[in-house]
Amino acid sequence: MDLSKVLSISGKQGLFKVISQTKTGALVESFIDKKRMPVFATEKMSLLSEISIFTTSDDVPLKEVFKAIYLKENGGKCIDPKSSNENLKKYMEEVLPEYDKERVYVSDMKKLFSWYNLLIEHNYLNFDDEKDEVKKEDTTDNV
């Protein structure tokens with residue numbers, strides 16, 4: 001799972017995988033319909049690897065939040081982003097208890113949960129390898 005190749009593009013629904021870079025931007029493929037299109041440097045693009053969630057202490061990278069959701073849901077989909085605001089806040093509290101309630105808006109949560117579900121649906125998130133690595137590290141430390 002490499003979030004440094006996944007983009008969110010302002011004004012466009014869903015997420016996009018970077019296929020290649022061009023002189024004026026990038027060629028991307030939509031996770032939703034698999035269509036490829038050029039994206040120009042003038043458009044507002046955000047790599048998911050560079051996005052983090054505000055907390056009461058340090059900001060938490062999006063990958064860590066996705067991992068917390070993944071572990072909570074045992075690799076399945078999370079809450080429906082169209083759920084009520086109260087349910088979304090409650091779910092966010094379960095996943096990331098220290099999130100900053102004043103700076104993380106419900107619209108941010110909806111986007112977060114829809115991105116997570118989209119990545120899970122397309123088998124792009126897999127933290128099982130990392131669990132195995134942690135287990136290996138634990139056994140080698142005891143030697």
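## Overall fold

The secondary structure of the protein comes to four helices and seven strands, where helices (H or I, at least four residues) and strands (E, at least two) are DSSP runs numbered from the N terminus. Along the sequence these elements follow the pattern β-β-β-β-β-β-β-α-α-α-α. This is a predicted model, in which local features need pLDDT of at least 70 and side-chain atom pairs count only at pLDDT 80 or more, while totals for chains, interfaces and linings use all residues. Residues are numbered from 1 along each chain as its sequence is written, and side-chain values use heavy atoms, with hydrogens and water left out.

Of the 143 residues of the protein, 35% count as buried (under 20% relative accessible area, with exposed meaning over 50% and partly exposed in between, for a 1.4 Å probe and protein chains only). Among contacts (heavy atoms within 4.5 Å) between residues at least 6 apart in sequence, 55% join residues at least 24 apart.

Two packed helices are described by the angle between their axes and the distance between the axes. The axes here are lines fitted to C-alpha atoms, for helices over the stretch in contact, and angles run from 0 to 180 degrees between N-to-C directions. Helix α1 (residues 62-72) and helix α3 (residues 106-121) have axes that come within 11 Å and cross at roughly 70 degrees, and α1 and α3 are therefore roughly perpendicular to each other (65 to 115 degrees, against under 35 for roughly parallel, over 145 for roughly antiparallel and oblique for the rest). The contact is made by Leu62, Val65, Phe66, Ile69 and Tyr70 of α1 together with Leu112, Phe113, Trp115, Tyr116, Leu119 and Ile120 of α3. By class, these residues divide into 11 nonpolar, no polar and no charged (Ala, Val, Leu, Ile, Met, Phe, Trp, Tyr, Cys and Pro count as nonpolar, Asp, Glu, Lys and Arg as charged, and the others, Gly among them, as polar).

α1 also packs with α2 at an angle of about 95 degrees, the axes being 9 Å apart, which makes α1 roughly perpendicular to α2. Val65, Ala68, Ile69 and Lys72 of α1 meet Tyr91, Glu94 and Val95 of α2 in this contact, which has five nonpolar, no polar and two charged residues.

## Packing of α2 against α3

The axes of α2 and α3 come within 10 Å and cross at roughly 70 degrees, and that makes α2 roughly perpendicular to α3. Asn85, Leu88, Lys89, Tyr91 and Met92 of α2 and Val106, Met109, Lys110, Leu112 and Phe113 of α3 make the contact, with a division into seven nonpolar, one polar and two charged residues.

## Nonpolar cores

The largest nonpolar core has 33 residues, and those with the most contacts inside it are Leu48, Phe66, Met92, Phe113 and Leu119; such a core is a set of buried Ala, Val, Leu, Ile, Met, Phe, Trp, Tyr and Cys residues joined through side-chain atoms within 4.5 Å. The elements that give two or more residues to this core are α1, α2 (85-95) and α3, and α3 gives the most, with nine residues. Apart from this core lies another, of seven residues, among them Leu7, Ile9, Ala26 and Val28.

Leaving aside neighbours within four places in sequence, Phe66 is in contact with Leu3, Leu48, Leu112, Trp115, Tyr116, Leu119, Leu125 and Phe127.

## Ser8 in strand β1

Ser8 has its place in strand β1 (residues 6-9) and, at 14% relative accessibility, counts as buried. Not counting residues up to four places away in sequence, Ser8 touches Leu15, Lys44, Met45, Ser46, Leu48 and Trp115.
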